[in-house]
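Hi there,

Here is the structure I promised to pass on to you. Have a look at it first, and then read my notes below.

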Amino acid sequence: MNNKVKNTVICITFGIFIFTFALLCLFLPKDEYSVSERRPLEKFPEVTAESIFSGKFMSDFEKYSVDSFPFRDSFRTIKAISALGIFRRGDNNGIYLHDGYISKVEYPISESSLDRAASRFKYVTEKYLDGTNKVYYSIINDKNAFMAEESGHLAFDYEAFEKEFSDRMDFAEYIKISDLLSLEDFYRTDTHWRQEAITDIAERLCSAMGTSAGSDFTENTLDVTFNGVYTGQAALPIEGDTIRYLTNGTIEKLRVFDHQNGIDSYVYDMEKAKGKDPYEMFLAGPLSLVTVENPENEDGGHLIMFRDSFSSSLAPLMAEGYSKITLIDIRYISPDILSKFVDFKNADVLFIYSTMVLNSSDTIK
């Protein structure tokens, strides 16, 4: 085959490829949500004179075209396998694998973020709390604390992080739990810890606050595969996790109320267990304000937890020591309106957040 024929074949093949994908882009149905990435996909941008002349239309169209590209997930998988397997890169868009676990590079420490988180917690303390309250805080290390150094990835100094944040939290008593955590306490494909692995953490927290956590748990296994948030971000064919959840006599009698939606809720929401994110089965997922009442302990006091999603699986294990636990996520509700829903008098107050949230605290209102 001479060069002219070869070049002609290449050009025709390339033209067919481009033409075919152009047709697919135009006529294939467009998804509105990426299940693998757990996010809404970009919609076709509105065409206006202002958006065109400002350049916003083309910027938004570029995002739309990337999100609506045919066989997008397959190409993402090819790219991830090539980056990590063929070209031996350490990570793919910050996502990396080590010993069967997936994580995301968390680096460096953001001093401004720690300042903001501590200032918001202090604001809540000064606005609502008084001498009747005991105030505590705790830090949940992310998986990088146990993966990064061994796998050769960047991670901040977690002891330095703990000290930096503690220096800003002089209005509360620190309850250290990082020494109780290990890599095996987390799901392989997700950011969160496994409930069955944190009973010692529940006991440490309760003991430090003058009460005791639950015991005599029965371990139950969810009959669906849990593909955690990192599965979609990694875009790799990775075996999913198994979710196990704990019950005992106290947990079975707990009464849960979802103030965000004004409805009675569940300790373990089995409908959400079958949804796009089975971890949302724990206290029905990311809600702004939830109360958990324990009718078996009428004199146990009130615990208010300012928290992120890690505490959805933690709070049920601590409920035995309290009459009531109120969980507040100030990423979704303004601290300024809390007095409408919460009685802070005589309550224990615990600020408990993961390093991921504390190091990106712009999500906190």
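**What I found**

A polar atom in the side chain of S138 lies 2.7 Å from the backbone oxygen of I175. Please keep in mind that this is a predicted model, in which local features need pLDDT of at least 70, side-chain atom pairs count only at pLDDT 80 or more, and totals for chains, interfaces and linings use all residues. Residues are numbered from 1 along each chain as its sequence is written, and side-chain values use heavy atoms, with hydrogens and water left out.

S138 belongs to strand β5, residues 134-140 (strands are DSSP runs of E with at least two residues, helices are runs of H or I with at least four, and both are numbered from the N terminus). S138 is buried, at a relative accessible area of 2% (buried means under 20%, exposed over 50%, partly exposed in between, with a 1.4 Å probe and protein chains only). Beyond its neighbours within four places in sequence, S138 is in contact (heavy atoms within 4.5 Å) with residues including Y174, I175, L205 and F351.

Next, look at helix α12, residues 311-318: eight of its eight residues are buried. They pack against several elements, among them α8 (199-208), β8 (241-247) and β14 (348-354).

Strands β3 (residues 95-98) and β4 (residues 101-104) run antiparallel and are joined by four bridges (two strands pair if DSSP finds at least two bridges between them). I95 has K104 of β4 as its bridge partner. Two residues sit between the strands, and D99 takes a positive phi near 50 degrees.

Enjoy exploring!

Conventions: A polar contact is a pair of N or O atoms within 3.5 Å; within protein, one must be able to donate a hydrogen and the other to accept it, and residues adjacent in sequence count only if both atoms are side-chain atoms.
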